[in-house]
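Please consider the structure shown below.

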Amino acid sequence: MDRGTITVGIAGNPNVGKSVVFNALTGSRQHVGNWPGKTVERAEGGFYHQGREIRLVDLPGTYSLAAQSPEEVIARDYIISGEPDVVVDIVDATCLERNLNLALQILELTDRVVIALNIMDEARREGWEIDTEGLEADLGVPVVPTVATEGEGLPELVEAIAEVATGQRETRPAEVDYGLTVEGHIQNLQDDLSRLGIEERGRWVALKLLEDDPEIVEAFKQGDLTVLELDAPSGSPEALRAILNRTVRLREGTQPDAKVEIVRRRYELAHDVVHRAMHRVRPVEESLTERIDRIVTHRVWSWPITLAMLVVVLWITIQGANIPSSMLDTAFSWLAGRIRDLLINLHAPWWVVGSLVDGLIVGTGTVIAVMLPPMIIFFTAFNLLEDIGFLPRVAFNLDRLMRAVGSQGKLTLVAMMNFGCNVTGVFACRIIENAKDRIVAIVTSPLILCNGRFGAGLALIILFFGDRALSVTLIYLAVSVGTMLLATWLLNRVLFREEPSGFVMELPPYRKPKWGQVIWRSLLDQAGRTIYRAVMIAAPATLLIWVLGNIPSGVPFEQTAIGWLVHSLAPLGRPFGLTGEMLTALIFTLPAKEIVVPSLAMTYGLQTTLVESRAVLDYLAQTWTPLVAFSFLTFFMLYLPCLVTVWATWKETRSLKWTLMSLLVPLVTASVITFLVYQGGRLVGMS
Amino acid sequence: MKIFGVSLANPLARALRRRVKRAPQQDRLVGMEDALKELYELQRGEATVRVEELARTMGVSDEIAEGLMEVLVASGWAEDVSGGIRLTKRGQERAQELIRIHRLWERYLVEQEGMPLEEVHAEAHRRERETTPDEAAKLDVELGHPAWDPHGDIIPEAGRRVPPPAGSPLAACTPGDRLRILHVEDEPPALFAQLVAMGLKPDVEVQVFERRPGRLNVKVDDGLISLATEAAERIHAVPVSVLPVPLSELPVGGRARVAEVKGGGRHQRRMLDMGLVPGAEVTVMRKASLGDPVEYRIKGTAIAMRSTDADSVMVEEVRNG
């Protein structure tokens with residue numbers, strides 16, 4: 001028997017527990033990246049079963065394989081490619097009919113399919129009884145009931161995968177009867193195709209032509225069928241175009257619309273199958289979700305609830321992070337001291353000790369100490385809210401408001417993520433499937449105050465405004481959200497005048513949080529990777545800053561590279577009330593916004609490294625007037641995204657234009673508002 | 001000589017006799033089944049139906065009606081009770097089935113064969129008797145489980161009671177009401193054809209203008225039509241926006257069946273893949289606090305949609321009845 005690797009593609013609708021199955025089967029053995037050329041996540045992992053390696057590839061969650069979105073194209077092309085030996089389709093037992101729409105489309109592409117009937121626990125709770133054998137008989141492929149969150153049914157699922165892969169278990173996939181008219185058309189086109197030597201998947205290609213499938217139609221237009229991965233010769237471009245013309249004629253003569261009829265017939269079969277296999281053993285009760293939703297999406301209560309949730313998450317993040325942050329800070333100082341001692345004992349030259357300890361370790365340590373704890377707390381809270389199903393309701397409640405600025409409800413979720421970290425916020429824009437809304441959300445992300453700016457800014461706010469700190473903080477929050485909405489509105493008005501924005505979103509039922517998943521994702525996937533990226537960029541940057549502050553060596557501060565920068569940048573900041581020291585500090589802050597206070601210490605010549613010091617705060621309190629402090633803070637809160645965010649924007653847009661735009665939008669906003677604040681303040685007699 | 005109570009002396013009977021010679025078995029059924037359907041409708045108001053009532057609604061003499069009743073009783077579809085007759089359970093089921101098949105055919109003829117509205121009744125009448133329940137089920141699938149026939153009558157589900165005509169007679173509406181015609185009675189044919197010719201057919205919006213003794217003046221488009229009260233009795237209408245409407249116009253708690261998904265390309269396909277296929281049932285769950293978007297329940301899933309997106313889905317409201 002073949003002992004080779006079995007490759008399995010995992011398909012399914014969104015919210016059916018695909019990632020739960022994937023994680024449960026692969027454990028920590030996974031690799032996360034992107035699909036080639038696409039900003040859609042691809043997770044891969046593996047495990048051993050009876051001495052054979054089983055490799056799992058997690059396909060994007062889709063409702064269909066209609067090639068209408070990048071996710072659908074990826075899922076479909078992967079199945080067509082022939083790479084997977086088996087496709088596992090995970091379906092939600094509580095809304096089986098809709099899930100079978102995808103299942104039947106997969107069965108049209110390959111016969112090596114196993115269906116995992118997931119979320120069986122909820123279906124049972126709702127009073128459903130499901131005849132699994134009946135389903136198997138109707139669909140013609142193995143159907144395994146599972147409760148992935150409990151691990152129930154997973155061994156049987158693996159068994160079924162192995163059996164289908166090795167051919168021990170034969171499958172006879174269900175075929176949809178598309179009705180006399182459409183079936184006639186399919187037959188006609190299939191005959192044409194076979195005359196060109198396209199026999200393999202002929203029925204499927206004919207069907208897709210009738211469905212007006214964008215990918216297939218384009219392939220026929222171009223006269224190039226390589227995307228279909230057929231072994232057969234693909235005929236001359238003229239012949240292919242002739243088939244296309246014929247399709248259009250057939251389609252136009254069909255009443256009702258063939259495109260609609262095909263989907264309808266598929267659902268018809270799904271309906272019949274479900275009707276036969278599922279039986280209610282208990283009468284319908286009002287579900288928990290219904291009861292919760294009556295409050296959460298209530299006309300009046302939804303507002304205080306949403307607001308309270310936001311405040312609580314931010315408060316927990318800021319308060320909860322204090323202690324671990326200072327502990328980490330102490331730990332890094334201790335580590336830096338030990339290494340310094342070690343290096344001095346080894347008689348290392350001063351610049352090695354300086355750059356390595358004061359530049360690299362202390363700089364990077366500061367970034368980690370201030371970024372990591374709030375990030376972990378925030379992401380855990382955010383993921384928890386998402387996991388239980390609360391966040392989609394926020395998007396639902398706030399969509400109308402976002403529509404006023406030309407965007408949609410999911411923007412609120414991205415904005416919330418941005419409060420945690422702009423980098424993760426930019427990646428979170430993937431949840432917006434409308435390309436225009438997504439680009440605008442990415443570009444305006446830096447306007448939302450991330451944890452880094454918020455925390456660092458808070459220290460300065462408390463220093464300068466004392467007991468009025470709370471109202472000043474609220475002003476900055478309002479400015480941040482306000483400018484983001486304004487920029488969104490402007491971009492939509494100016495750049496996307498014609499394109500409509502849409503909002504269609506599933507509201508999944510409320511579910512118990514899967515703690516393992518939440519913590520796993522918060523710690524490793526988001527916080528871990530963000531910190532890793534931050535360090536990769538912050539480490540060389542802090543090193544560079546150390547170098548700038550120390551060359552040429554042994555000269556007075558004014559003559560170092562930093563002194564020179566301060567001097568030359570000074571005129572630029574004058575209209576905004578900003579000094580050269582401030583601007584230079586803001587440049588140093590680009591790797592990570594958290595290091596603004598140490599940066600100021602360096603640019604004011606108070607110290608030559610980024611080591612945090614209380615001295616600088618006392619110094620600033622004496623030097624800056626409230627107006628200057630307010631202007632500086634305004635500019636700091638908005639001015640430019642950190643370098644990691646820029647990198648993320650580039651990764652997500654792959655466009656120089658949009659990456660530059662994501663720099664320009666905050667820079668212009670910050671300049672305009674700071675100018676107004678400073679000049680306005682001077683007009684009313686402040687100094 | 002009598003064939004199911006029809007005296008051969010009158011002209012109708014002579015015509016019948018000619019057809020009887022060709023296919024006696026079938027024609028006999030036609031007459032019986034017409035009576036069955038009438039009886040079903042009549043029985044809505046009262047428990048029993050008298051000969052004269054049946055005669056009046058069918059437009060035949062009492063003699064003929066009596067003959068028809070005898071045949072119905074003899075075939076087990078009706079039973080004699082004091083003061084008239086009553087349908088048996090079998091008779092009721094058969095009547096429901098016939099009505100369902102008739103209405104399905106009418107919808108089919110208008111939608112798929114493009115037949116003018118005035119002609120479908122007769123054709124559907126001809127076809128209904130040759131249609132088996134299995135074929136009816138296929139027809140239902142073919143049409144996407146329609147909720148309404150082209151006259152605006154509800155097509156009952158198989159084995160379910162036929163609901164009474166929706167809406168109220170135009171004659172009973174108050175001046176100023178803006179209404180949509182649901183149903184125009186197709187008997188007698190001459191009057192029906194005349195009403196249709198004047199533009200009074202299902203789906204047309206009208207406004208009741210004024211009521212005069214014996215007459216009712218209604219506005220259609222820009223024209224004014226003066227109707228005799230008897231004619232206005234035969235038109236049933238509902239306030240505008242009950243039928244077929246964009247999904248976004250459905251009130252919270254409303255249930256409807258998808259009739260059509262308009263537009264094309266991506267958006268249409270997305271709607272279809274979400275389960276909004278013709279015939280699928282949708283329930284409006286709730287509106288967001290600012291009135292938009294709206295949460296719908298489609299095939300067991302809650303989907304939030306903006307009214308602009310839901311506008312492309314045309315639905316036929318399902319009323320409980």
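The buried residues of H26(A) pack against helices H19 (451-465), H20 (469-494), H23 (580-588), H24 (596-603) and H28 (656-683) of chain A. A residue is buried if 20 or more other C-beta atoms lie within 10 Å of its own, with C-beta atoms placed from the backbone; two residues are in contact if their C-beta atoms, placed in that way, lie within 7 Å. Helices (H or I, at least four residues) and strands (E, at least two) are DSSP runs, numbered from the N terminus.

This is a predicted model, in which local features need pLDDT of at least 70 and side-chain atom pairs count only at pLDDT 80 or more, while totals for chains, interfaces and linings use all residues. Residues are numbered from 1 along each chain as its sequence is written, and chains are lettered from A and ligands numbered from 1 in the order in which they are written.

Because 11 of the 13 residues of H26(A) are buried, this helix is largely enclosed by the rest of the structure. Among the buried residues are A:Phe630, A:Phe632, A:Phe635 and A:Phe636.

Between the chains, 33 residues of chain B are in contact with 31 residues of chain A. Helix H7 (133-143), helix H10 (265-273) and strand S15 (301-305) of chain B each supply at least two residues of the side that touches chain A.

Strand S15(B) also pairs with S10(A), in the antiparallel sense, over 3 bridges; pairing requires that DSSP finds at least two bridges between two strands. Here B:Met305 is the bridge partner of A:Val504.

Terms used
Buried ≥ 20, exposed ≤ 12 C-beta atoms within 10 Å, placed from the backbone.
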